[in-house]
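Student: Can you walk me through a structure? I'd like to start with charged side chains and then move on to strands.

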Amino acid sequence: EVQLVESGGGLVQSGGSLRLSCAASGFDFSSYTMSWVRQAPGMGLEWVSSINAGGGTASYTESVKGRFTSSRDNAKNTLYLQMDNLKPEDSALYYCTKAPRYAATTDGPRGQGTQVTVSS
């Protein structure tokens, strides 16, 4: 059974930083693309970033390019999202997903999410 547990969210002022983590179990983590998606109140899921199985290639939605960095530690079955220069519009519930492919998709099983709130 796929299990994904996100952590690291919180309340931060505009311009601040947070590092999200996602602990994965129940599948061969090192063989899969992993993604981050987010959902703001009253909005649908938005794809944020994907990182390939080996961790050498990552892609980002335009609004976070240059501010967010995805990484992974396959030895620890853990995915990370470093978020710098946060903006109020980044406030959302952030999920990690086991992506079906390397693409800008919100598909795939996800965890319970971790809340990020950025105050202006």
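Tutor: We will take the salt bridges, then one arginine, then a sheet. Keep in mind that this is a predicted model.

Student: Fine. How many salt bridges does a search of the whole structure find?

Tutor: Four.

Student: Start with Glu46. Which side chain does Glu46 meet in a salt bridge?

Tutor: Arg38. The N to O distance is 2.7 Å.

Student: Is Arg38 buried or exposed?

Tutor: Buried. Its relative accessible area is 5%, and the cut-off for buried is under 20%, so Arg38 falls in that class.

Student: And Glu46, what does that count as?

Tutor: Partly exposed, at 31% relative accessibility.

Student: What about Asp90? Which side chain does Asp90 meet at 3.1 Å?

Tutor: Arg38 again, in a salt bridge, N to O. This pair links distant parts of the chain. Asp90 sits in the loop between β8 (78-83) and β9 (92-98), while Arg38 is in strand β4, residues 34-39. They are 52 residues apart.

Student: And where do Asp90 and Arg38 stand, buried or exposed?

Tutor: Both are buried. For Asp90 the relative accessible area is 1%.

Student: What else? Which residue meets Asp90 in a salt bridge at 2.7 Å?

Tutor: Arg67, through its side chain. This is another link between distant parts of the chain, with the two residues 23 apart. Arg67 lies in the loop between β6 (58-60) and β7 (68-73), and Asp90 in the loop between β8 and β9. Arg67 counts as buried, at 8% relative accessibility.

Student: Which residues do the shared partners join into one network?

Tutor: Arg38, Glu46, Arg67 and Asp90.

Student: Back to Arg38. Which serine does its side chain make a polar contact with?

Tutor: Ser63, side chain to side chain, at 3.5 Å. The Asp90 side chain also makes a polar contact with the Arg38 side chain, at 3.1 Å.

Student: Which residues is Arg38 in contact with, leaving aside neighbours within four places in sequence?

Tutor: The list includes Gly44, Leu45, Val48, Val64 and Phe68. Glu89, Ala92, Leu93 and Tyr94 are also among them.

Student: New topic. Which strands form the open sheet?

Tutor: Four strands, in the order β1-β3-β8-β7. The pairing is antiparallel.

Student: Why is one side of β1 and of β7 left without a neighbour in the sheet?

Tutor: Because β1 and β7 stand at the edges, each with a single partner strand.

Student: How are neighbouring strands of this sheet turned against each other?

Tutor: By 15° on average, direction ignored.

Student: Zoom in on β7 and β8. How many bridges join them?

Tutor: Six, and the two strands run antiparallel. Phe68 stands opposite Met83 in β8.

Student: And the other edge strand? What is the place of Val5?

Tutor: Val5 is in strand β1, residues 3-7. At 47% relative accessibility, it counts as partly exposed.

Student: What does Val5 touch, not counting residues up to four places away?

Tutor: Ser21, Cys22, Ala23 and Gln112.

Student: How far apart are Val5 and Arg110 in sequence and in space?

Tutor: They are 105 residues apart in sequence. In space, C-alpha to C-alpha, the separation is 8.4 Å.

Conventions. Residues are numbered from 1 along each chain as its sequence is written. This is a predicted model: local features need pLDDT of at least 70, side-chain atom pairs count only at pLDDT 80 or more; totals for chains, interfaces and linings use all residues. Side-chain values use heavy atoms; hydrogens and water are left out. Buried means under 20% relative accessible area, exposed over 50%, partly exposed in between (1.4 Å probe, protein chains only). A polar contact is a pair of N or O atoms within 3.5 Å; within protein, one must be able to donate a hydrogen and the other to accept it, and residues adjacent in sequence count only if both atoms are side-chain atoms. Contact means heavy atoms within 4.5 Å. Two strands pair if DSSP finds at least two bridges between them. Axes are lines fitted to C-alpha atoms, for helices over the stretch in contact, and angles run from 0 to 180 degrees between N-to-C directions.
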